[in-house]
Amino acid sequence: MNPWRVVALARRIVDQFLRDHRSLGLIFVAPLVIMALLGWVLRDSSAPSPRVAIVNLDVASAPSERVRGALTEAIRQAALPLVEVGADEPAADAALRASAVDVVILLPVGFGAGLADGDPPPLVIVTQGVRGTDDNAQVEVVLRQLAGALPLPPGTASILRRSVFGPPFIAGPPDALASFAPALIGYFGFFFVFILTAISFLRERVGGTLERLLATPIRRAEIVAGYSLGFAIFTTIQVVLILAFSLSGWSTPDGWDGPRVAIGLGIPSAGSPLLAFLVVLLFALGSVNLGIFLSTFARTELQILQFIPLVIVPQGLLGGVFWSIESLPAALQPVARVMPLTYAVEGLREVMVRGADLASRTLQLDLAFLAGTAVLFVVLAGATIRREVV
Amino acid sequence: MSRGFAIPEPATGTTPAMEAVGLVKRFGAIHAVDGIDLSLAPGRIYGVLGPNGSGKTTLIRLMTGLARATEGSVRVLGVPMPSRTLLARIGYMTQGDGTYAELSAWENLRFLAALYGVRDAAPLQRVLELVELADRRGTPALELSGGMRRRLSLACALVHDPAVIFLDEPTVGVDPALRVQFWAHFRRLADAGRTLIVSSHVMDEADRCDELVLLRAGRVLGRGTAAELRDRAGTPDLEGAFLRLGEPVP
């Protein structure tokens, strides 16, 4: 391999990017803007104040009526709006449909008798069911107010004691971003680099420059190495920027008279930023060569965009960004287990949330898988650059 | 000029610049090149003429090693193609522009030159002046006119001073005055011992070539100087000769 040719190709890619300000913005600015937006939404959204109704269907039971009274008092104490919707289930249903109430707590028939036996049927909590995320947040607010308000027997306690916050590995106040940020960082390390490499190499194929390139003494391995090096430079800068923006934070001091300004998300990380960097870098190098490989199967830039629902979205859904692999349907778990994003997200969570170091078996597996797929994609990318000379 | 690898010695004496024997290239049922035997002496300008689809570009791709023959063989400077190391002695101007739109004329040249191991600025400046783009060296290829991009593409093919130069439709989009200069430079290159193989479907450029190879449907219809081909066909122009030579023998 001739290093001069590799460097020449990498330099060409750098020169091309430096002249393409939009692509620079896409790779450097867009991830930070999205991270900032998500951080803002997740941290600063106002807590919901749901309108609550309590309907006792077990009307003949004195214990049930006492529980209803206690629940009502807890809701009042929390200053949540209490709504009267009627005494039966159809009335509560109609109120939910008419959006007159957000959360209805139903004490089922037989609740009082169950209390006496020490095995009451669970309380039923019903929401409007229109926006799942909002519904969950409202139920959490209600449950938090009810938890501890009642000396309930074990059967009901199970639905009232739900912990929302708190990766226990990170010191300090709970942060909704702490467990989500590693997944986002992994996702951005993949998304933009993949798209840009695929389009860049497609242009090389269809623009006639690959033909000219292959008529020079450059080897296929040098082309793959040059592309990897050129994009690795931008990927490294991108990853450093994302990690720096995510992990560090500065804000105007308390007592500052002007508008409050914060730069960086200041997400707490339990582990080494260098290890997090290593995970994302390995993942991004694989993504560069996946982009080169898949560009073979596209003829236009529009066809590159068609890879988003085929390659990027499934990894986003199954790769552990939103749901754990174990909670996926059984048939989808093996699929998730061959996706590189799964290992990038897992590795970043191991480092940033659990504080894992290189002694962690899980992190070792994640790094090995990412390195293995990077090598595989390098080989596949090289195989698609066809020239009938050795 | 400095190079980073060993290069086969250029052909000397009687070694043909290019030699094809029983050359066939098939794409499925299509015979793009259908049994060509050809030997081209060095230091001359050859015109490969034929209509679209006659096999000109495929023949050039076989000669540059970008395609592998289905049957037969091709040697360039005595070396069987494809050969990666020989590519350092070959210049290739593709039919498309083959330039990087975001890069300036100079950056395009510098990149190609680096791949050939040329690190001095002097050859780059020389070819830029040849194609009259010295005053546009900092202009991105995207902002050059179509004719200027063709000139830049030619400069990229010549920057490493190759022994054999393949030019696929080099003068398309180039204005008449500059076309004259192009051909004058092609002549100087041939006089200096370089071999030029120029594909074209423009018959009026044929008289500038030392020898012509007429192609149709992947086969050689005839070979010779423009005057010889006209005489052989008994026609006053090459278009007529091309049609006459393509007629089936009674």
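At what angle do helix H8 (residues 181–206) of chain A and H11(A) pack? They pack at about 30 degrees, with their axes 7 Å apart. This is a predicted model, where local features need pLDDT of at least 70, side-chain atom pairs count only at pLDDT 80 or more, and totals for chains, interfaces and linings use all residues. Residues are numbered from 1 along each chain as its sequence is written, chains are lettered from A and ligands numbered from 1 in the order written, and side-chain values use heavy atoms, with hydrogens and water left out.

**Chain A overall**

- Chain A comes to 16 helices and five strands, taken as DSSP runs numbered from the N terminus (helices are H or I, at least four residues; strands are E, at least two).
- Its radius of gyration is 27 Å, well over the 21 Å that the globule rule gives for 390 residues, so chain A is more spread out than a compact globule. That radius is taken over C-alpha atoms, and the rule is 2.2 Å times the number of residues to the power 0.38.
- The C-alpha atoms of chain A fill a box of roughly 90 × 55 × 45 Å along the principal axes.
- Buried residues make up 48% of the 390 in chain A (buried is under 20% relative accessible area, exposed over 50%, partly exposed in between, with a 1.4 Å probe and protein chains only).
- Of the chain A contacts with a separation of 6 or more, 73% are between residues 24 or more positions apart (contact means heavy atoms within 4.5 Å).

**Helix packing in chain A**

- Axes here are lines fitted to C-alpha atoms, for helices over the stretch in contact, and angles run from 0 to 180 degrees between N-to-C directions.
- H8(A) and H11(A), at about 30 degrees, are therefore roughly parallel (under 35 degrees; over 145 is roughly antiparallel, 65 to 115 roughly perpendicular, the rest oblique).
- The crossing of H8(A) and H11(A) is right-handed (the near helix is turned clockwise from the far one by less than a right angle; anticlockwise is left-handed).
- Residues in the H8(A)–H11(A) contact include Phe190(A), Phe194(A) and Arg205(A) from H8(A), and Phe283(A) and Leu290(A) from H11(A).
- That contact splits into 14 nonpolar, six polar and one charged (Ala, Val, Leu, Ile, Met, Phe, Trp, Tyr, Cys and Pro are nonpolar; Asp, Glu, Lys and Arg charged; the others, Gly among them, polar).
- H11(A) (residues 273–295) also meets H16(A) (residues 361–384), with axes that come within 8 Å and cross at roughly 25 degrees, which makes the two helices roughly parallel.
- H11(A) passes H16(A) in a left-handed crossing; Phe283(A) and Leu290(A) of H11(A) are among the residues in this contact too, as are Leu367(A) and Phe377(A) of H16(A).
- By class, the H11(A)–H16(A) contact has 17 nonpolar, three polar and no charged residues.
- H8(A) packs with H15(A) (residues 340–352) at about 140 degrees, axes 8 Å apart, so these two are oblique to each other.

**Chain B**

- Chain B comes to seven helices and ten strands.
- Its radius of gyration is 18 Å, which agrees with the value near 18 Å for a compact globule of 250 residues.
- The C-alpha box of chain B is roughly 60 × 40 × 40 Å along the principal axes, and buried residues make up 55% of the chain.
- Asp135(B) lies in the loop between helices H3 (122–130) and H4 (146–158) of chain B, and is exposed, with a relative accessible area of 66%.
- Asp135(B) and Leu40(B) are 95 residues apart in sequence and 37 Å apart in space, C-alpha to C-alpha.
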